Structures are given as structure tokens and as C-alpha cells.
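Please look over the structure shown here.

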Amino acid sequence: IRPPYGAYCWGSGLMNGVDYSTLVPRPIAGMSSATGVAVGGFHACAVTGAREAWCWGAGDAGQLGTGQTGSAVDPVRVIGLTQVGIVAAGPYHSCAARRDGNTFCWGDNAYGQVGDGTRESRLSPVPVPGVGDARGLALGGGLDSGHTCALADSGIVLCWGKNHRGQLGDGSA
């Protein structure tokens, strides 16, 4: 038997002093039409059937994309994005590509991982210049968090952000 479509999560979770741990998948409120899900270090994001991006979990670095910091137990809509095709989540930042390939990122930007040419954290999505045909996104995690990569329609992989271990793949560190 296959479960209904939508977003389900399980595992250990503590938010605002409440234990949300579960050993079995539990449906995420309002995400029954989810067509894609991405999990970061302490937050998750989903694309809905209406082509909107929604995120939940820790938001202390602005990675939920609501225009403010703060955590959310239930999904909150990422402001300003429509026609979303894919989402990606890292430990402290998130990104999405619209169906036309234009890419947007938000959250922690200490290493330039948001891709807007600054190191200012962004509480809401900002466009990533030069990435207008993304068909895949990946955000670094663990010790190597702080970088972002996009797969372009042409097959080229573009990366930006933290590069202390050669994460960007350009031969430098």
C-alpha cells in the first residue's frame, strides 16, 4: 500500500521546548500537495502543487524565507516566489529555482552562499545573478556548509560560497 502524496517527516525534533520526535512518518500540516521536499540541518522546505515554496523548522538565520528570523513548527510560505520548480535546503540557507530556471536563495550568507555578491544574510529570497537556467540545486552541509551549486540546462555545474576545502570545484581552495 502506497501512502498518499505529500510531505512526511520523522526522526528527532525539538522546537520551542516541545519534543516533536517520531519514529514513523507523520504528515506535515498543509503539505498534502507537496511535489518536492528538501531537508537542511534543522529545517525543511517543500514545493506545493500550486508551485509555491514553504519551509518549517529552525529559522534563526532567515532560512525559512519569511522576511524575519524565528522558527516555525508548521510550514510558512516563502515570500515573493511563484512558479517554483525545485527547492534545496542547507544547514542555514535555502534556495529555489522557478520553473523558468531563475534561481533565488536566502538565509545565512557569511561565505557568499546566497550568491547575490554580498556577505549579508537575507531574510527573504534574492535572485542569483547569472543562474537563470537551473534544473538542479545542492547546498553544502556539515563541515563544508556555506556553499551552493546549481546544475544548468547545458549540463554545466555552477558553484559559489565557501571554498576552504575546494568545494567549488575550480581548482582553488
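Q: Is cysteine 149 buried or exposed?
A: This is a predicted model, in which local features need pLDDT of at least 70, side-chain atom pairs count only at pLDDT 80 or more, and totals for chains, interfaces and linings use all residues. Residues are numbered from 1 along each chain as its sequence is written, and side-chain values use heavy atoms, with hydrogens and water left out. Buried means under 20% relative accessible area, exposed over 50%, and partly exposed in between (1.4 Å probe, protein chains only). The relative accessible area of cysteine 149 is 14%, so cysteine 149 is buried.

Q: Which cysteine does a disulfide join to cysteine 149?
A: A disulfide is a pair of cysteine sulfur atoms within 2.5 Å. Here the S to S distance is 2.1 Å, and the partner is cysteine 159.

Q: In which strands do cysteine 149 and cysteine 159 lie?
A: Strands (E, at least two residues) are DSSP runs, numbered from the N terminus, as are helices (H or I, at least four). The two cysteines are 10 residues apart and link distant parts of the chain. Cysteine 149 is in strand E14 (residues 147-152) and cysteine 159 in strand E15 (residues 157-161).

Q: What is the handedness of the disulfide between cysteine 45 and cysteine 55?
A: The sulfur atoms of cysteine 45 and cysteine 55 are 2.1 Å apart. The torsion about their S-S bond is about 100°, so this disulfide is right-handed.

Q: Is cysteine 105 buried or exposed?
A: A disulfide joins cysteine 95 to cysteine 105. Cysteine 105 has 0% relative accessibility, so cysteine 105 counts as buried.

Q: How many disulfides are there?
A: With the bonded cysteines numbered in sequence order, the pairing is 1-2, 3-4, 5-6. Cysteine 9 is in no disulfide, as the nearest cysteine sulfur, that of cysteine 45, is 11 Å away. The count of disulfides is three.

Q: What is the bridge partner of valine 39 in E6?
A: E5 and strand E6 (residues 43-47) pair in the antiparallel sense over four bridges. The partner of valine 39 in E6 is alanine 44.

Methods:
Pairing = 2+ DSSP bridges.
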